[in-house]
Amino acid sequence: MTPDDLDFVILRALWANADQSTTQLGQKLGLSQPATWRRIRRLQKAGVIAGRRLVLDAEKLGFGVTVFLGVKLATKGRVSLEDFERAVGAIPEVQTVDHVLGLYDYRLRVVARDLADFERVLRRRIMTMPGVGNVEANVLLSEERRPGPI
Amino acid sequence: MLDDVDRRILRLLQADPATAMPELAEATGLTPARATRRVDRLREDRILQGSHAIIHWPALGYAVSVSLRITLDKAVARAFDEFISAARAVPEVIEIQTFLGRVDVRLSLIAKDLSDYQRIYREEVLTLPHIADIEALMTVASVKSDESLPL
């Protein structure tokens, strides 16, 4: 689909706050509830809106540390990438896994209670995985998400 | 403080933020009124801060996603602030993170294709202030992206 200007306005509004009802959103845009609903439905069907993400205060929930890990696989031929992806994706503290091209093979986002807890996850769960070579860790200090070109 | 029921509510909402209150009540063994009170309190305490729509950029024609790892020139006092406010003005930047480690700042950048990326990289990224070093990692595939907390 080719979204029009109004679709982009809707996307941006739902990106900022997906909790609002179609009635509330429609009122803001001067659009009827059914018309708003139809547009959102179309954006979902086209795969532009891929779902909803809950925003939680990680720190208040006891997760004080987020670390971005760059992982280089040492033995790419022997261990299949899929095995690594399955195993690393199954670790509850691993929030995201991206297969990347460049200095590292994978980028992981790992959450932990504190640095000691992170060390436990890193040593016991990630470093013990077959094929893991060089690992670089960067501790997250601040983060902001931008709406992007919409 | 949070108890097990709160955690269960958050786990269910995390898996599906659209979960309706009656469903939430049934799954946690609470009455709908009690479930509503619990959710309201989690919101008041700012533990539950709302939800965002997830935009799948490839569906809008942005096929390229690059992670830029940047080291800043720390000899300049306001390097971080000036870099970040300039990076905010680049529309294709969708995430900005700062770090303690070898990398100072990471930008998540999207582009329509490789030539579009090259243009953004040359004209809008390399012109950002106080860059000492920059490395690019191109995303081949996103294997896991739910960003759930292990509650």
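## Strand S2 of chain B

S2(B) pairs with strand S4 (residues 105-111) of chain B, antiparallel, over seven bridges. Strands here are DSSP runs of E, at least two residues long; helices are runs of H or I, at least four; both are numbered from the N terminus. Two strands count as paired if DSSP finds at least two bridges between them. Within S4(B), Val105(B) is the bridge partner of Ile70(B).

S2(B) also runs antiparallel to strand S5 (residues 131-144) of chain B, joined by seven bridges. There, Arg69(B) has Glu135(B) as its bridge partner. Eight of the nine residues of S2(B) (residues 64-72) are buried, so the strand is largely enclosed by the rest of the structure. Buried means 20 or more other C-beta atoms within 10 Å of the residue's own, with C-beta atoms placed from the backbone.

## Basis of the model

The model is predicted: local features need pLDDT of at least 70, side-chain atom pairs count only at pLDDT 80 or more, and totals for chains, interfaces and linings use all residues. Residues are numbered from 1 along each chain as its sequence is written, and chains are lettered from A and ligands numbered from 1 in the order in which they are written.

## Where chains A and B meet

53 residues of chain A contact 51 residues of chain B. Contact means C-beta atoms, placed from the backbone, within 7 Å. S5(A) gives the most to chain A's side, with 10 residues.

S5(A) pairs with strand S3 (residues 93-100) of chain B in the antiparallel sense, over six bridges. Glu144(A) stands opposite Ile96(B) in S3(B).

Terms used. Two residues are in contact if their C-beta atoms, placed from the backbone, lie within 7 Å. A residue is buried if 20 or more other C-beta atoms lie within 10 Å of its own, exposed if 12 or fewer, and partly exposed in between; C-beta atoms are placed from the backbone.
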